[in-house]
Amino acid sequence: MILLTCTIIVGGQWGDEGKGKIISYICDKDKPSIIARGGVGPNAGHTVNIGGKSYGIRMIPTGFPYKEAKLAIGAGVLVDPEVLLKEVEMLKEFNIKERLIVDYRSGIIEEKHKIMDRKDEHLAKEIGTTGSGCGPANVDRVLRVLKQAKDVEELKDFLGDVSEEVNDALERGDNVLIEGTQGTLLSLYYGTYPYVTSKDTTASSFAADVGIGPTKVDEVIVVFKSYPTRVGAGPFPTEMSLEEAEKLGIVEYGTVTGRRRRVGYFDFELARKACRLNGATQIALTGLDKYDKDCYGATDYNSLTEKAKEFIRKIEEETGVPVTIISTGPEMHQTIDLRSEKL
């Protein structure tokens, strides 16, 4: 197995690409000393499946099942204390309390931000906001009136300097994993504006969120889903009808909103753009079992069908980036890892 020093995981579509599964797998294999979360805030939901049990989380880094790593929330991330503390309790069997570091400079979402988010006609009805308060909180951050984690008594036991922790780990030669949220096409700058989230969601921003410079990053893994999905309004060039999605057996709901996800065919042009925007060095492909049911649970590349192999080859040709990790089912072991062959 190739050892990586600092890896960023980023969504290549509109979120919901299956980053949680890929992160859990990489943590299990590469054993990072710290897993740091960048991104927007609790408007992103991740689902982690362990031993048949499913965990829907919005704040704790999705690498939490790997118990040897510290878990960090970077200064660039918005924190909802209520959501965070509920997750600490929900995941107590994973010793979250002893492992979690919340950067003291993280911005705090208050109830007023959530109310504003839900009441704003433009955000709620036209854009399709999750209503989690992130947009209004980021407005207050820009206006320099937002509370920080250091101002919240309930978080005092978790406060720390995530940038120091991450940089110290890198200087020791430890493996570090930085996980991003949402997807590239929801970036405030590069996404399908105005149907986007309230900040940038590319690898560069995730590095800044946890306080490391670009020269510290070794690998950027962009995660694509075989059939991309999108929650809420906004352009979706390859969108299929709900009836077609049902025929393919793809009926999904957003982790945060509970809204049904729109489904589309793989968009090679947008995949190429996402790889360029993130400086991708690798691609992780999820949902291959949805693309071809005969691939379900496969753990060896040679056991994939010709249809699946051709799809993977086309992704590599169109993006110029190797597909190194392939997910063939929800469980962690249902994965094909080609990093040692391709890197």
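The model is predicted: local features need pLDDT of at least 70, side-chain atom pairs count only at pLDDT 80 or more, and totals for chains, interfaces and linings use all residues. Residues are numbered from 1 along each chain as its sequence is written, and side-chain values use heavy atoms, with hydrogens and water left out.

Helices (H or I, at least four residues) and strands (E, at least two) are DSSP runs numbered from the N terminus. The buried residues of α12 (buried: under 20% relative accessible area) are Ala308, Lys309, Phe311, Ile312, Ile315 and Thr319. They lie on the same side of α12 because they cover an arc of only 160 degrees around the axis, taken from the directions from the helix axis to the C-beta atoms. What covers these buried residues includes α10 (268-278), β14 (282-286), α11 (288-291) and β15 (323-327), where contact means heavy atoms within 4.5 Å. Gly320, with a positive phi near 75 degrees, follows α12.

| Residue | Phi | Loop |
|---|---|---|
| Lys31 | about 50 degrees | between α1 (19-30) and β2 (34-37) |
| Arg144 | about 65 degrees | between α6 (134-142) and β9 (159-160) |

The peptide bond from Tyr193 to Pro194 is cis, with omega near 5 degrees; Pro194 is in the loop between β10 (176-179) and α8 (203-210).

Technical notes:
Buried means under 20% relative accessible area, exposed over 50%, partly exposed in between (1.4 Å probe, protein chains only).
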